[in-house]
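Hi everyone, thanks for making time today. I'd like to walk you through a structure that may be new to you, so please have a look at it with me.

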Amino acid sequence: MKNLRFPGIIFLIGFSLNILAQHPGGGEGRQIPEIGILSGTVYDGNNTPVEYATVSIFSIRDNKLITGGITDAKGHFKIEKIKLGVYAVHVKFIGFNTKIIKPVYLLPKGRGKGQGVEQDLGKIVLETSSVEMEAVNVVADKAHVQYKIDKKVINVSQDMNSAGGTAVDILENTPSINVDIDGNVELRGSTNFTVFIDGKPTVLAANDILQQIPANSIENIEIITNPSAKFDPDGAAGIINIIMKKKRSAGFNGVVNLSVGTQSRYKGNVLLNYKTGKFNFVAGMDYRDEMRYGTGMQDRITYYPDTTYFMSYSGDRDMNIYGLGFQGGVDYYINDNNTISLSGRYGNREFERLSDSYYHEWTTPNSLDDYYLRDNAIGYSGTAYNIDLIYTLKLKKPNQKFETLLYYSKWDGGRLDHQNKYITDEEGNIVDNNPEKRKADELNPRESYRYQFDYTSPVGVNGMIEAGWQGRLDYSNSDYVYSNDSSGIWIIDEVKTNSAKYSRNIQAVYGTFANQIFGFDYKLGLRLEYTDRLIDQYTTNEKYPVNRFDYFPSAYITRELNKKQQVQLSYSRRINRPRGRNLNPFPDYSDPFNVRVGNPALEPEYVDSYELNFQNRFKKSFVSVEAFYRRTSNIMTRVTVLGEDNVLYRTYDNLNYDNSLGAEFVANHNLLKWWRLNGSLSTYYYSIIGKIEGVDISEESFNWRLRLNNTFSFKTNTRIQLTGFYTAPSVTAQGTRGAFYFANLALRQDLFKKKLSVTLQFQDMFNTMGHNFESKTEDFYTYSEFTRQGQVVLLSLTYRINNYKDKRNKSRGQDDFGGDMDME
């Protein structure tokens, strides 16, 4: 009996506490009061708040799930209306070890071991795969690539080779991304993707905006290849979301970045932040003026029944990029539940491509043999500004909120294409100093309005619903003027001049629901859209209206196999809308050998995207495998047709479909205490099915890309980073694209307690960056080759004011410069 005393006492205490909890007033049959409150903040090993972490509350007595919640963007959770009792709190997020806090005595103080009916669990740190490296002055670095439920997050601070560059330089070292020598970006082999700035769209072309945003102003980049129904469905390959830097710590702080390089490269930007009381102010500016030198050549053969035409050219192909921009914003924290944020940006951007190409045209039998020089300048310039207002209201339940966005942006600028043609001899010497001149100028102002209302609320223990309404209004004008020089006087060619107007109204509603069942996390969504679009071609007095309903479902299913492994299956339907320049039926004569003609009957293409992802974390490693299948129907394809005037007419048409089936392997491993290696291998099979003018152009190819990134860290706050890239050949509807490869080297030294960082880069060390294209039909053959001058040396300085440290946030709108509005 003596051996039973201690267990008996424990039983009596537990039984008494249970009785007290059920009948706190002593009255028989009373319900346990639901007055308990538990809160806390969840961080990872890098002291970064963890959003969407699941917090579950289990009864200690029977291990039964009682209630739960999800952390917000700041990693905070607050769970209310909990029955009084003794609990175990489980904090869980994919890719992290589950944190268990027990026992938690949610009982009135003074009652047994009661710790109070409202408790703050404080800072809860989840264990990640980051490992403290002995003998190295780097602890718990963020991985270059982090995986979350529906996206890959690229941590810019871990990419030294992007210092002093732009968003494109960051993307060069990113899984799923390919960048050519002109800075054009592909996401899993497709140029059809959408760029967001802090979750908001820009009015301009994706590649233009990516080449303008300074890398030092970016906190991280999110790659979302299968977005949920909450996001815009535009972009066949997915979304690239740029998260800008902004700090909200009390007081004044900031960061200054300066960069100078060989080949006339100069950049700089400043970002300042001041927080006092209920207000947070941010201001900044950026400057860029750089040249990119290169060369280009092309050989073309055209076959006629009795004659063969040849054309060959080669010469310089340089680019100049200039920009100056200013930004500012203010956040007003009215109280704990109400926040208003206002931000805006204004700036000027210019882009110009300069080329001096020596041409030779001849035929066999010999009836033509001409030599000449074409001096060509094409580009765009203009000013842009955007402003947005966001109001956030936190409601009663944890993570329950209502958010309103009002957004406006405008681009006021245009494009130019000016050419001079000089007659030369066989050696390229000019024999006539009176060139043939022509120019094409296009004013292309654009405006975009957006209003958006989003509601988020928890449902049950682990459920979450999202619902919203969005309106998008886009307007664009095109005034295209073609002129020829006649004895020093520019004469407008009315036959080649035209005007058009584009307008589009998209209204959308969406809803998503997320929850757990049988150990699986799932998220289902549906988006419905109505599009009203009009193209008004003033010159021909023709109108092309479109009225259409579309639907876009999405689904995610995730299962955590154990603490270090997870698998996810996802699906989304997306759309790629044609741009205005691809729709305008009036010919663009900017290039006399290649005339562009829009197709007003061009329809959007639709994409069904499936992904199966597996992730595995080891002690010092991380490995992921992503299998994907993407089927694009009604695909928009550039078609080249030879005209009777020996001019190539380039237009767009809808073919049947194409398929991309592949896998992406990503690994991160600490080979030694001072050597970290991460890399990715992307492989996919691509096939295109369709006909052009009755001719079958079906093609298929196997494509692959390799990326390796080595980082060496030393005690003296010194790092060296060596990166290498290779992209294998691929096919297009009417030809092939050759392989290209290059390597970069960077050295960074942190000084004065990391207040100052000095980075020295050596870009394209072996001067190998270049690519080639080959296109052929029964009527013609072309081969083009372009190279970019490599072996560029850049020196970048970063100074942090008041020990400025970059933290992720959901700051407001940024850049809006560059390209062409996408229209139906």
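Let's start with a pair of strands: β46, residues 740-751, and β47, residues 756-763, run antiparallel and are joined by 7 bridges. If you want one spot to look at, find L747, whose bridge partner in β47 is L760. Before we go on, please keep in mind that this is a predicted model.

Between β46 and β47 there are 4 residues, and in this hairpin F752 takes a positive phi near 50 degrees.

Now for a sheet elsewhere in the chain. In what order do the 4 strands of this open sheet come? The order is β3-β2-β5-β6, and the pairing is antiparallel. The edges are β3, 65-70, and β6, 99-106; each has a single partner strand, so one side of each is left without a neighbour in the sheet. On average, neighbouring strands here are turned by 20 degrees against each other, direction ignored. Looking at one pair, β5, residues 85-92, meets β6 through 6 bridges in the antiparallel sense, and G85 stands opposite L106 in β6.

Let's turn to the inside. In general, nonpolar side chains in soluble globular proteins tend to be buried together. Which residues have the most contacts inside the largest nonpolar core? They are L210, I218, I221, I240 and I242, in a core of 22 residues. Several elements give two or more residues to this core: α2 (167-171), β11 (185-187), β12 (194-197), β14 (218-224) and β15 (239-244). Of these, α2 gives the most, with 4 residues. Take L210 as an example: leaving aside its neighbours within four places in sequence, L210 is in contact with residues including A167, L171, V185, V195 and I242. There is also a second, separate core of 20 residues, which includes I57, Y87, V104 and L107.

Finally, the aromatic rings. A search of the whole structure finds 25 aromatic pairs. One of them is Y571 with Y610, a tilted pair at 4.9 Å centre to centre, with 40 degrees between the planes. Y571 sits in β31 (residues 565-576) and Y610 in β34 (residues 605-617), so the pair ties together parts that are 39 residues apart in sequence. Y571 is buried, at 18% relative accessible area, whereas Y610 is partly exposed at 39%. Then there are W674 and W675: their ring centres are 6.2 Å apart and their planes are at 20 degrees, so this pair is stacked. Ring pairs also link Y385, Y408, Y449 and Y475 into a cluster.

And where do charges meet rings? The charged end of K123 sits over the ring of Y43, 5.1 Å from its centre, and the charged end of K421 sits over the ring of Y372, 4.2 Å from the centre.

Note on methods
Residues numbered from 1 in each chain as written. Predicted model: local features only at pLDDT ≥ 70, side-chain atom pairs only at ≥ 80, totals over all residues. Heavy atoms only, no water. Pairing = 2+ DSSP bridges. Axes fitted to C-alpha atoms, helices over the stretch in contact; angles between N-to-C directions. Core = buried A, V, L, I, M, F, W, Y, C linked by side-chain atoms within 4.5 Å. Buried < 20%, exposed > 50% of the residue type's maximum accessible area, 1.4 Å probe, protein only. Contact = heavy atoms within 4.5 Å. Phe/Tyr/Trp six-rings, centres within 6.5 Å; stacked < 30°, edge-to-face > 60°. Lys NZ or Arg CZ within 6 Å of the ring centre and 35° of its normal.
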